[in-house]
Amino acid sequence: MADSPKLILPDVPGLRNIETYMQHGGYGETLRKVFTMSPTAVTDEVKKSGLRGRGGAAFPTGLKWSFMPKGNEKKKYLLVNGDESEPGSFKDRQIFEFNPHQMIEGILIASYAMQIDHAYIYIRGEYEHWIKMVRQAVAEAYDRGVVGPRMKDTFKPSGDGIAYSVDITVHKGAGAYIVGEETAMMSSLEGDRGYPRVKPPFPAASGLWHSPTTINNIETLANVPVILKMGGDAYSKIGDPKHPGTLLFGVSGHVNKPGVYELPTGTTLLDIINKHAGGVPGGKKIKMVIPGGSSMPPLRGEQLEGVKMDAENLKAAGSAIGTGGIMVMDEDTDIIKVLTRISKFYAHESCGQCTPCREGTGWLLKILQRFEQGNAREEDIDLLHDVAFNIEGRTICALGEAAAWPVRFTVERFREVFEQRVKPGLKIGSPNRVHALRKGGLEPVQIHVPMVERV
Amino acid sequence: MAIFSNEELQEFTELQKRYGKPAATLLPVLWRIQEKRGWIDSDAMEEAAAICQVPKSHVEGVVQFYTMFFDKPMGRFHVQVCTNVSCMLRGGEELYNHVRQQLGIENHGRTENGIFSLEEVECMGACGGAPMMALNDTFYECVTTEEASKVLAETQRAGVNPKPKFVAQLPELSEAANR
């Protein structure tokens, strides 16, 4: 455990202050080196690293950057996605809190590689406390001249270097899960309701105000300075070769030490749960795990042996990496109650543009409530599956899949639970067991970053 | 038409330069209105529409779309309790019901003295600190029902909410950080 590289959240107290960050090499040699490279060479280095997006889809980052058109006929924008609103995901928050300058340095490098004019950091409104931290960090960076018009002097290039500057604006959301979807985020930033847009055109062709735009996740960008510092080849050797680097795994639910753990990709799911997050309270068996945030297909406890946490291996295991938000449920958990809560969330958050999603998410919830209340019929099991199946692929954005996957895969993988529920006289479990077990007061959230910084 | 001073209107004009389009500052303008008034009424929507150069109907649509904008007066302390999966697994529903009974109001309700309002919220990004509740911008994580009662009582008594047990401390904020 001690040997795991800490690339995003190193154990450095006070790293969120710019002085400390600069003492540890931030805004220094790496950035100066970048500004002597050609933008294409920077993108190539990121391609070489194999970095894949950390927001959910795990799309190759360098490739995404290369979609941006060259030339300057229109302004270009970078939209930094810090909206994380998926239940089970709370990783970006740690970057805002403990290492915001690495994210800002990543924004500078990405912006240079794509010749961005302005970068917007969009953060969910509920994170007001953390928005202030990021605003403070951005203000410090402006004061030091490492961001904004003064960059041209701060990083004055020698020889063949290229003078470059970019502005950064922090934008506060106002509470809408759908805004985490990239085109919905663009709508929201433009001052509209956060409705997703039909693709194509893709944002690189027509994004914010019809200009070329790239949208990257907070954690993705926080990896970029590390890649440019150690080199793409060296970075590609960390973790799983097909999905290299470290990931911030947010572990929640029935574990002894919930929290965020930075570990190499390819770490096994059971190691994360048992070794890092302290195992399941009371030594109970695991009934179900959702490995990447609430929209991902859940896995049965018996399916977990040998499952590795990276995009390719998790896909092979029948799920997806998503945001790396691992939700653990013990043997006493009422699966139907959990699934009903998930469906309530997606029914609440559907923006309502597409009929299959608007109507389908409501129907999923209604049918699940019948199961929860003991009023379901046997044919409701297949009906539930059919409704979920008929949402998938029929919507503008991926919220349709996000709502359908947990339902469809839970019905497929836990069919006996639904069959038992339509029989009378069933004893229903309780998802609140851990809290009941710990009446004496809960421990603080376990994060590997030293607690000395927390009051 | 008198929510903002000339200085504040000038600030919005400066902010609009960062976005290129006045409409894009609608969310920041609405946030500022809610900070000043506690909620966004019809007159405020009209003023926001004028600042952002959009129709008032557009502003109404945006206010309705986002859950954090209030179109009716809420309590001075808006209490939010998460009952989504990660919190539910660790007692979020129990906590919500406890707070609801303590305050004697239902979801989206407000106490008669106007001090508290209540909301059962979707995920707040505190899954590792579940169960959680929030009073305005302050998150209380790993909170038991007993602690929740103490927080509410202390807030009612002192008129300010107590510091949470586990939270990072903000560094001194410069003026720019508050914009």
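This is a predicted model: local features need pLDDT of at least 70, side-chain atom pairs count only at pLDDT 80 or more; totals for chains, interfaces and linings use all residues.
User: How many residue pairs are in polar contact between chain B and chain A?

Analyst: The count is 25 residue pairs, both residues at pLDDT 80 or more.

User: What makes Lys344(A) and Glu120(B) a salt bridge?

Analyst: The closest N and O atoms are 3.4 Å apart. The cut-off is 4 Å between a side-chain nitrogen of Lys or Arg and a carboxyl oxygen of Asp or Glu. The pair is within it, so the term applies. The count between chain B and chain A is four salt bridges.

User: How many residues does each chain bring to the contact?

Analyst: Chain B gives 61 residues and chain A gives 81. The area buried between the two chains is about 5900 Å², with 57% from carbon and sulfur atoms. On the side of chain B, Arg18(B), Leu89(B) and Arg90(B) lose the most area to chain A, together 13% of what that side buries.

User: Why is Asn217(A) called buried?

Analyst: Its relative accessibility is 10%. Buried means under 20%. The value falls under the cut-off, so Asn217(A) counts as buried. Asn217(A) sits in strand β4 (residues 213–217) of chain A.

User: How do you know that the side chains of Asn217(A) and Asp92(A) make a polar contact?

Analyst: They are 3.4 Å apart. The limit for a pair of N or O atoms is 3.5 Å, so the distance qualifies. The side chain of Asn217(A) also has a polar atom 2.8 Å from the backbone nitrogen of Glu219(A).

User: Which residues is Asn217(A) in contact with, leaving aside neighbours within four places in sequence?

Analyst: Arg54(A), Gly55(A), Asn81(A), Lys91(A) and Asp92(A).

User: What is the order of elements in chain B, from the N terminus on?

Analyst: The run is α-α-α-α-β-α-α-β-β-β-α. That is seven helices and four strands. The C-alpha trace spans about 50 × 35 × 35 Å along its principal axes.

User: How much of chain B counts as buried?

Analyst: Of its 179 residues, 56% do. Chain B exposes about 7800 Å², and carbon and sulfur atoms supply 47% of that.

Methods:
Residues are numbered from 1 along each chain as its sequence is written. Chains are lettered from A and ligands numbered from 1 in the order in which they are written. Side-chain values use heavy atoms; hydrogens and water are left out. Contact means heavy atoms within 4.5 Å. Buried area is the accessible area (1.4 Å probe) that two parts lose on being put together, summed over both. A polar contact is a pair of N or O atoms within 3.5 Å; within protein, one must be able to donate a hydrogen and the other to accept it, and residues adjacent in sequence count only if both atoms are side-chain atoms. Helices (H or I, at least four residues) and strands (E, at least two) are DSSP runs, numbered from the N terminus. Buried means under 20% relative accessible area, exposed over 50%, partly exposed in between (1.4 Å probe, protein chains only). Accessible areas come from the Shrake-Rupley method with a 1.4 Å probe; for residues, only the protein chains shown count as cover.
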